[in-house]
Amino acid sequence: MSLQQIVFGVLSIISIISALGVILSKNPVTSVLCLIVTFFTIAGHYIMLNAQFLAVVHIIVYAGAIMVLFLFVIMLMNLNAEIEPQKRSWLKYAGAISGGALLLVLLAALREASVSSLQPGAVEIGLISNLGKTLFSTYVLPFEVSSILFLSAMVGAVVIGKKEGHES
């Protein structure tokens, strides 16, 4: 076994265990923390696939911004077991049946899938320099149009925010 296979196995086991922790945890804060661990292990898989940019964006966006938002929402909701309504028993069975159906569909799809090996020249697919060259040569017009769209959205948000501030 090579070092890459060992690292892949360790990342996969940690990812599966922490994903199960997200599902099976009764405490919502523990569930969110397990989800953060899952996101970091997925980022590790991206790094192993030579997609460093995707790994960094994944950590910044998901483990950084969205998980902080989840933690704030959970803290503000003040979840108590006494207040929470009891779930119906048929809902658990419906969830188990639909989860089993999804598993069957995934297994059928994976059965038909084939894994193609990477060609020797395709090692630099996920590098940031190649992404930048493609973005600023082939896709420069859509990139600039989207930047103008984001700029106009920011200006609109500032204008709406200032209008709301003056009304109160």
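In this predicted model, helix 2 buries S31, V32, C34, L35, I36, T38, F39, T41, A43, G44 and H45. The elements covering these buried residues include helix 1 (3-24) and helix 3 (52-77).

Helix 2 itself comprises residues 28-48, 21 residues in number. From the first C-alpha to the last, helix 2 reaches 30 Å, close to the 30 Å expected at 1.5 Å a residue. At its N-terminal end, helix 2 is capped by N27, a side-chain oxygen of which lies 3.3 Å from the backbone nitrogen of V29. Just after helix 2, N50 adopts a positive phi of about 65°.

T38, which is located in helix 2, may be examined individually. T38 counts as buried because its relative accessible area is 10%, where the cut-off for burial is under 20%. Leaving aside residues up to four places away in sequence, T38 touches S15, S18, A19 and V22.

An unreviewed UniProt entry lists residues 6-25, 32-49, 55-78, 90-110 and 139-160 under "transmembrane region".

| Span | Distance between end C-alpha atoms | Helix content | Strand content |
|---|---|---|---|
| Residues 6-25 | 28 Å | 95% helix | 0% strand |
| Residues 90-110 | 30 Å | 100% helix | 0% strand |

Definitions and conventions. Residues are numbered from 1 along each chain as its sequence is written. This is a predicted model: local features need pLDDT of at least 70, side-chain atom pairs count only at pLDDT 80 or more; totals for chains, interfaces and linings use all residues. Side-chain values use heavy atoms; hydrogens and water are left out. Helices (H or I, at least four residues) and strands (E, at least two) are DSSP runs, numbered from the N terminus. The expected span of a helix is 1.5 Å times one less than its number of residues. Buried means under 20% relative accessible area, exposed over 50%, partly exposed in between (1.4 Å probe, protein chains only). Contact means heavy atoms within 4.5 Å. A polar contact is a pair of N or O atoms within 3.5 Å; within protein, one must be able to donate a hydrogen and the other to accept it, and residues adjacent in sequence count only if both atoms are side-chain atoms. UniProt positions are given in the numbering used here, feature names are shortened, and annotations may be inferred rather than shown by experiment.
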